[in-house]
There are 2 protein chains.
Amino acid sequence: MEQNYIPAEDIERRLQQLRSAVAKRGWDAALIVHNVDLLYFSGTMQNALLFVPLDKGEILMVKKYGERAQRESAVEQVIPLSSWNEIPSLIAEHHGRVPKKMGIELDVLPAKEYLRLQEIFAGVQIVDSSSTIKAIRKIKSPYEIAQMKKAGEIGKIVYGEVQHVLKEGMTEIELAGILVAEAMRHGHQNYLRMRAFNSYAFSWHVLSGYTGGILSYIDAPMGGMGLSPSFPVGASQKQIRTHEPILIDFGICYNGYQIDETRMFCLGELPKKFKDAYLATRQIEDAMTALAKPGASCHELFRKGWETARGLGYEEYFMGPPEYKTRFIGHGIGLEIDEYPFIAEGHDYPLEQGMTFALEPKMVFPAEGAVGIENTFCVLEDRVERLTPAEEELIEV
Amino acid sequence: MEQNYIPAEDIERRLQQLRSAVAKRGWDAALIVHNVDLLYFSGTMQNALLFVPLDKGEILMVKKYGERAQRESAVEQVIPLSSWNEIPSLIAEHHGRVPKKMGIELDVLPAKEYLRLQEIFAGVQIVDSSSTIKAIRKIKSPYEIAQMKKAGEIGKIVYGEVQHVLKEGMTEIELAGILVAEAMRHGHQNYLRMRAFNSYAFSWHVLSGYTGGILSYIDAPMGGMGLSPSFPVGASQKQIRTHEPILIDFGICYNGYQIDETRMFCLGELPKKFKDAYLATRQIEDAMTALAKPGASCHELFRKGWETARGLGYEEYFMGPPEYKTRFIGHGIGLEIDEYPFIAEGHDYPLEQGMTFALEPKMVFPAEGAVGIENTFCVLEDRVERLTPAEEELIEV
């Protein structure tokens, strides 16, 4: 089977950026421990760690499975690792010396492993590399954007299927399952990655009628009921009825790269109140994307979204019920679903060419339902390009 | 919609066990931060932390969403939390004092959050509570076992579907998607939980022919090809052909509780070599389960499995190729897929009534395929009960 490997030039450019950042921060090296960062900087997601010193000479230390890591990775030095205890001696042997100050992703490394690395690396100062790595990852290469476009194409197929399978009385989770199967058949890996502690991301947010107004733990305008207290988000066993707003927020992952999007459906005619609200979310999206280009600040976009929502008379419903509004209208996305940039208050940094983010203006009517649009965009030289080509019109079946 | 809440008496018994363990270890309290442990000890998985002092008077501090946490949880004191910085003052206010020594799950708490809690709780000794909590969770109540039986029933339906949908030329991932959809329709939440760092668990291990012999990062006899280097496990785009062993290792999660099982299929007749090997794995399972009852040690079971495999002439193929054999033949399972007990060398503790574990004797023929059986069992007073009732015979379609 042909495999879609990350191009060697992408890996080399990423490593070069990391080496520059390491130098700028006054560290001697970075040790990559998080599997998603490992994929990004080495090309493989096998059980391994990547040592990145100031100068060239990265070392990929592989516990399992060495042959596969070697095949997938553009890193030249691939050596076997049987226990984390060996890491300093392997670094000393292959790099010549153990670093004095080293960055590690402390936002994901469990405390127990951190304390263990502190013992193993006695005398080495360990600092948090997570914001440095997130800053590098926020700009996507043409290769990365191509993967996301492919995910967007799968999304178009999946949303196109809804009108053929949606039937009165089917449960939200049944519809979600059919869409998951369709997405998998086209290469969706049925797993979305999210970096934040205690957080999951997943494809099957199918919310119909009142479940669209149910809140949950996630920082999103609507949570949905989910299947049980052990999975209190997304599709539930509620049966889908006529004239309800059906909101489908379905993320797709192709070759590790994710897109996020939302479309609206209804069995029969959707009541005017929801139709109007849905049109409002599309107007809000248009107002925001008209501003979106390199140099525009993220919180400027955020404020534009809110200003437009208020102007259209939707302040009460926009981005959640009054006391539970989300702090963002959009979020960066790529290998993980919670990347930079955040389209939120306080995020005053500018959009840059190559950034990719999802915008999700949504309206919540507690006990009645939710409506909204979501697309994933890429920042070009002078505008944004939509990576999620699925039809945006409300589909009434 | 009726919701399946964890019974209040289960929550009270679990908290009593945790209080006893806290006292025994000389701590003043435990602070539950991991969402799966939070579900276990409080009944809710909302964004919250649970403070469990030596004496009664647990405090559930909820960031979002308070109303839902209150409804789902049997804990009496439910109070709002706007920032982790408030935790010590909330504890002082509602408990009367801040603990001197407190257990937290350091095996999952990210280092960054650990360092933040150390600052917030200046002067408090923070110790790792993870093994204490795992020890409590390893014995399941009748309620928990009932959830796992329900997951096993869904598994029976899913495996029963294979013979109706399996067709030559369909890809592994297409078949996996159909099974995922069928499982979801019956209440599977399409997400398995695993505690270990950098580890995922998921339902769609569909391996046909040579992909059954492909290794990957996971500590399992076979990894499969997966869809790409970014998801290098499980089903792939390989097309399924006749006379290949088709191994389907499909975990189900119902109401948070998981089972793990494997069954074998073939399009047309399966060559004798694989049939014999599959029968051998079933003989190994029988030899192991005949020993399994309270008091039998886990490594005794492990050795029995290996002894049987050797006796049948399968030493080379059992549990992976010679240099990459797994260290276990079985693993505990419940809310997470990597619980106690481990049926492995060095695990010399005894089985106890109420433990639940999966046994997975498997054979790997590199470049040719894999065969094996897997069931989830519960330890009764004098034997084990199988929780996964799907037909065990090889199905030739």
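## Starting with a definition

A residue is called buried if 20 or more other C-beta atoms lie within 10 Å of its own, exposed if 12 or fewer do, and partly exposed in between, with the C-beta atoms placed from the backbone.

Before going on, a word about what you are looking at. This is a predicted model, in which local features need pLDDT of at least 70, side-chain atom pairs count only at pLDDT 80 or more, and totals for chains, interfaces and linings use all residues. Residues are numbered from 1 along each chain as its sequence is written, while chains are lettered from A and ligands numbered from 1 in the order in which they are written.

## Two chains and an axis

How does chain B relate to chain A? A rotation of 180 degrees, with 0.0 Å of shift along its axis, superposes chain B on chain A with an RMSD of 0.0 Å.

Two residues are in contact if their C-beta atoms, placed from the backbone, lie within 7 Å. By that rule, 58 residues of chain B are in contact with 58 residues of chain A. Helix 2 (35-42), helix 3 (66-72), helix 5 (111-120) and helix 8 (172-185) of chain B each supply at least two residues to the side that touches chain A. Here helices (H or I, at least four residues) and strands (E, at least two) are DSSP runs numbered from the N terminus. Which helix of chain B gives the most to this side? Helix 8 of chain B does, with nine residues. By class, the side of chain B that touches chain A has 29 nonpolar, 19 polar and 10 charged residues. In this count Ala, Val, Leu, Ile, Met, Phe, Trp, Tyr, Cys and Pro are nonpolar, Asp, Glu, Lys and Arg are charged, and the others, Gly among them, are polar.

## Two domains in chain A

Now look within chain A, where the domain assignment gives domain 1 (8-137) and domain 2 (142-396). Such bounds come from an automatic or database domain assignment. The centres of the two domains, taken over C-alpha atoms, are separated by 34 Å. Their contact takes nine residues from domain 1 of chain A and nine residues from domain 2 of chain A. On the domain 1 side, helix 2 (35-42) and helix 6 (130-137) of chain A are the elements that give two or more residues.

Helix 6 of chain A has A:Ser130, A:Thr132, A:Ile133 and A:Arg137 as its buried residues. They cover an arc of only 160 degrees around the axis, which puts them on the same side of helix 6 of chain A. The arc is that of the directions from the helix axis to the C-beta atoms. Among the elements that cover these buried residues are helix 1 (8-24) and strand 13 (339-344) of chain A. Strand 13 of chain A also holds A:Pro341, and the peptide bond from A:Tyr340 to A:Pro341 is cis, with omega near -5 degrees.

## Helix 9 of chain A

Helix 9 of chain A (residues 272-291) has 20 residues and reaches 29 Å from its first C-alpha to its last, close to the 28 Å expected at 1.5 Å a residue. The expected span is 1.5 Å times one less than the number of residues. Its buried residues include A:Phe274, A:Tyr278, A:Ile284 and A:Met288. Seen down the axis of helix 9 of chain A, the buried residues fall within an arc of 155 degrees, so they line one face of the helix. On the other side of this helix, A:Lys272 and A:Asp286 are exposed. Helix 10 (298-311) and strand 11 (262-266) of chain A are among the elements that cover the buried residues.

Leaving aside neighbours within four places in sequence, A:Gln283 is in contact with A:Thr308 and A:Leu312.

Key: Least-squares fit on C-alpha atoms with pLDDT ≥ 70 in both.
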